Amino acid sequence: MANSKIKYIGVNDHNIDLFEGQYDVPNGMAYNSYIIDDEKIAVMDTVDGNFKDEWFQNIKNAIGDKAPDYLIVQHMEPDHSANIDEFAKAYPNATIVATDRAFVMMKKFFGTDYADRRLVVGEGDTLSLGECNLTFVMAPMVHWPEVMMTYESHEKALFSADGFGKFGALDVEEDWACEARRYYFGIVGKYGVQVQAVLKKAAGLDIQTIYPLHGPILNENLGYYLDLYNTWSSYGIESEGTLICYTSVYGNTKKAVEILADELKNAGCPKVVVNDLARCDMAEAVEDAFRYGKIILATTTYNGDLFPFMREFVNELTERGYRNRKIGIVENGSWAPVVKNKIVKAFELCKNLEFAENVVTIHSAVNDESIEQIKKLAEEMK
Ligand code: FEO
């Protein structure tokens with residue numbers, strides 16, 4: 001908005017190799033930060049420590065020689081909090097605003113909880129900057145316990161912390177949903193219940209613009225983003241189709257998967273997606289598993305257990321509360337296949353999962369008997 005008092009002071013990171021030490025970010029990462037330039041000036045979060053100088057310059061570019069009155073800390077993960085202490089030193093008259101839990105973390109990160117210059121806020125507390133008025137919305141576990149969001153009523157702006165964030169720097173054009181979904185299920189996916197609680201609070205607010213800590217500012221078609229977040233956080237099914245995730249040591253399980261994919265298509269399955277877990281981005285496979293309602297796991301027995309990449313994948317799903325889906329199983333083992341029992345056991349604490357009646361059991365290589373089993377499984381999972 002041309003006359004907005006809210007200015008972007010974030011940075012793009014194209015040097016990062018793995019975000020949070022594990023996620024590939026081929027298009028980099030944005031660490032967003034904002035400044036509300038009103039009678040009182042508030043800075044909304046800091047940025048990653050590698051971008052301290054650029055961020056301070058962005059502040060100067062936005063407000064010149066004026067000094068911020070407040071630093072609002074919504075989230076203490078270092079991609080946003082790394083420069084709090086540098087900010088406190090650079091602007092000694094500024095007040096640090098955060099939840100009590102955030103101040104406990106500041107003590108751990110910086111050796112101080114800014115007791116002489118802080119404002120502890122909780123649910124519904126407000127802070128007036130002049131025309132702009134902030135209301136703090138607690139968002140614990142989205143995705144750390146100290147997280148809060150901030151609603152600014154003059155411009156109807158929601159500062160959503162990690163919520164509505166995505167992978168990717170802001171100077172690269174790419175589809176929002178693809179990298180937002182991978183980000184959501186990778187990073188926030190375990191906390192669907194807590195995201196649902198925040199969405200219920202957001203439904204009571206008149207929101208025109210969402211200012212996340214990663215990814216673009218959202219100011220059009222907000223219903224689209226809110227609907228996707230509602231689907232994701234309620235473990236709903238976003239897309240029709242069947243996902244096959246597999247591992248294969250010598251190509252025999254892969255051959256079964258190729259036949260299965262063809263049989264699914266022949267049976268009328270609206271979309272078939274196949275991931276080789278040893279070679280794909282595991283975070284892509286995880287996002288797909290939550291995107292589709294039907295998933296087939298095909299793997300070999302290895303050291304009396306699931307093949308390692310499948311074991312990791314199943315663990316990624318169960319630790320995120322995988323639920324509301326139908327699972328099919330293709331097992332392979334030359335002398336003692338244990339895959340079916342291991343998979344059923346691994347998911348035993350997950351809610352509302354159904355296992356396909358038809359299981360494909362391969363003893364080393366696909367034969368006529370296993371092809372018949374594959375056809376039956378395809379018919380059930382189409
Ligand atoms: Fe973007 Fe949870 O930090």
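Mentor: Lys254 is in contact with Tyr246 and Ser248, leaving aside its neighbours within four places in sequence. Contact means heavy atoms within 4.5 Å. This is a predicted model: local features need pLDDT of at least 70, side-chain atom pairs count only at pLDDT 80 or more, and totals for chains, interfaces and linings use all residues. Residues are numbered from 1 along each chain as its sequence is written, and side-chain values use heavy atoms, with hydrogens and water left out.

Trainee: Why is Lys254 called partly exposed?

Mentor: Its relative accessibility is 37%. Buried means under 20% relative accessible area and exposed means over 50%, with partly exposed in between (1.4 Å probe, protein chains only). Lys254 therefore counts as partly exposed.

Trainee: Where does Lys254 sit?

Mentor: Lys254 lies in helix α8, residues 252–266. Helices are DSSP runs (H or I, at least four residues), numbered from the N terminus.

Trainee: What makes the crossing of α9 and α10 oblique?

Mentor: The axes of α9 (residues 282–291) and α10 (residues 308–318) cross at roughly 50° and come within 10 Å. Because of that angle, α9 is oblique to α10. Angles under 35 degrees count as roughly parallel, over 145 as roughly antiparallel, 65 to 115 as roughly perpendicular, and the rest as oblique. Axes are lines fitted to C-alpha atoms, for helices over the stretch in contact, and angles run from 0 to 180 degrees between N-to-C directions.

Trainee: Which residues of α9 and α10 meet?

Mentor: Met282, Ala285, Val286, Ala289 and Phe290 in α9 meet Phe309, Glu312, Phe313, Glu316 and Leu317 in α10. They divide into eight nonpolar, no polar and two charged. Ala, Val, Leu, Ile, Met, Phe, Trp, Tyr, Cys and Pro count as nonpolar, Asp, Glu, Lys and Arg as charged, and the others, Gly among them, as polar.

Trainee: What makes a set of residues a nonpolar core?

Mentor: The members are buried Ala, Val, Leu, Ile, Met, Phe, Trp, Tyr and Cys residues, joined through side-chain atoms within 4.5 Å. The largest core here has 92 residues, and those touching the most other members include Phe19, Phe87 and Phe313. Helix α5 (residues 176–188) gives the largest share, eight residues. A second, separate core has 21 residues, among them Ile244 and Val257.

Trainee: What does Phe87 touch?

Mentor: Leaving aside neighbours within four places in sequence, its contacts include Val43, Trp55, Phe56 and Ile96.

Notes
Helix = DSSP H or I, 4+ residues; strand = E, 2+ residues; numbered from the N terminus.
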